[in-house]
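Hi there,

Here is the structure I promised to pass on.

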Amino acid sequence: MTLKINLIKAISYLITKLAGAGFLLFVISIYLLLSFGIDMYEFVEGISSGFLWIIVFGYGILCSLLIDLWVLKVPNSSLTVKILLYILAGYGFFIITMDVSFMFFAGTIGALCSLIFYVGTLLSFRFQSFKYVFSIVVPLIINILMDVDFTEKEQWI
């Protein structure tokens with residue numbers, strides 16, 4: 001019975017991480033829609049980047065799991081330490097992959113995104129509906145939109 005309860009807790013925990021990633025993807029999607037002037041073709045081109053999905057769902061969830069493990073193993077870790085670890089994780093990818101001049105700009109955006117991810121996980125712990133909407137529904141809708149052809153044919157003969 002305890003194995004079943006632990007499995008349910010582990011799945012619920014992983015769904016909160018997926019909800020954090022889904023929330024970040026949702027915020028990025030809204031930003032892309034607004035910055036492209038609600039041009040669906042440009043939006044789909046921007047959101048279809050496999051790199052974006054790997055960073056948000058792969059790197060984001062992995063870092064979040066490692067941060068939670070750190071906080072679990074290090075006694076007296078405060079909320080401030082956790083937030084600083086998320087900020088460091090946001091910079092971390094860009095510290096490794098970019099030159100110094102661009103690293104600070106990209107790292108700041110990464111840090112902001114990591115904090116949005118963290119807020120998404122906090123909201124998913126608090127609200128069950130948030131957890132399932134942003135872990136399943138939002139990524140599914142965005143994936144469906146990626147398969148729709150939004151090209152416009154003008155002045156074709």
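**After the first helix**

α1 is followed by Gly37, whose phi is positive, near 65°. Helices here (H or I, at least four residues) and strands (E, at least two) are DSSP runs, numbered from the N terminus.

Two notes on how to read the values. This is a predicted model, in which local features need pLDDT of at least 70 and side-chain atom pairs count only at pLDDT 80 or more, while totals for chains, interfaces and linings use all residues. Residues are numbered from 1 along each chain as its sequence is written, and side-chain values use heavy atoms, with hydrogens and water left out.

**The overall picture**

The protein has six helices and zero strands, and from the N terminus on its elements run α-α-α-α-α-α. Along the principal axes, the C-alpha trace spans about 70 × 45 × 20 Å. Of the 157 residues, 35% are buried; buried means under 20% relative accessible area, exposed over 50%, and partly exposed in between (1.4 Å probe, protein chains only). As for contacts (heavy atoms within 4.5 Å), residues 24 or more positions apart account for 69% of those with a separation of 6 or more.

The length of α1 agrees with expectation, because its 34 residues should span 50 Å at 1.5 Å a residue and its end C-alpha atoms are 49 Å apart. The expected span of a helix is 1.5 Å times one less than its number of residues.

How do α1 and α2 cross? Their axes come within 9 Å and cross at roughly 145°. Axes are lines fitted to C-alpha atoms, for helices over the stretch in contact, and angles run from 0 to 180 degrees between N-to-C directions. The crossing of α1 and α2 is right-handed; a crossing is left-handed if the near helix is turned anticlockwise from the far one by less than a right angle, and right-handed if clockwise. On the α1 side, Leu25, Ile28, Ser29, Leu32 and Leu33 take part, and they meet Met40, Phe43, Gly46 and Ile47 in α2. By class, this contact of α1 with α2 has seven nonpolar, two polar and no charged residues. Ala, Val, Leu, Ile, Met, Phe, Trp, Tyr, Cys and Pro count as nonpolar, Asp, Glu, Lys and Arg as charged, and the others, Gly among them, as polar.

**Two bent helices**

Helix α4 (residues 79-97) has 19 residues that should span 27 Å at 1.5 Å a residue, and its end C-alpha atoms are 28 Å apart, which agrees. Even so, α4 has a kink of about 30° centred on Tyr91. The bend at a residue is the angle between axes fitted to the seven residues ending there and the seven starting there. Lys82, Leu85, Tyr86, Ala89, Gly90, Gly92, Phe93 and Phe94 are buried in α4, and the buried residues of this helix pack against α1, α3 and α5.

Helix α6 (residues 128-147) has 20 residues and reaches 29 Å from first C-alpha to last, close to the 28 Å expected at 1.5 Å a residue. Where does α6 bend? At Phe134, by about 35°. Phe134 is also one of the buried residues of α6, along with Phe130, Lys131, Ser135, Val138, Pro139 and Ile142. The cover over them includes α1 (2-35), α2 (40-47), α3 (50-73) and α5 (100-126).

**A few single residues**

Asp68 is found in helix α3. Is Asp68 buried or exposed? Asp68 counts as buried because its relative accessible area is 14%. Not counting residues up to four places away in sequence, Asp68 touches Tyr13, Lys17, Lys82 and Tyr86.

Val71 is also placed in helix α3. With a relative accessible area of 23%, Val71 is partly exposed. Leaving aside neighbours within four places in sequence, Val71 is in contact with Ser77 and Lys82. The C-alpha atoms of Val71 and Leu85, 14 residues apart along the chain, are separated by 9.6 Å.

Val119 lies in helix α5 and is partly exposed, at 38% relative accessible area. Asp147 in helix α6 counts as exposed, at 71% relative accessibility. Asp147 and Leu69 are 78 residues apart in sequence and 37 Å apart in space, C-alpha to C-alpha.

Best wishes
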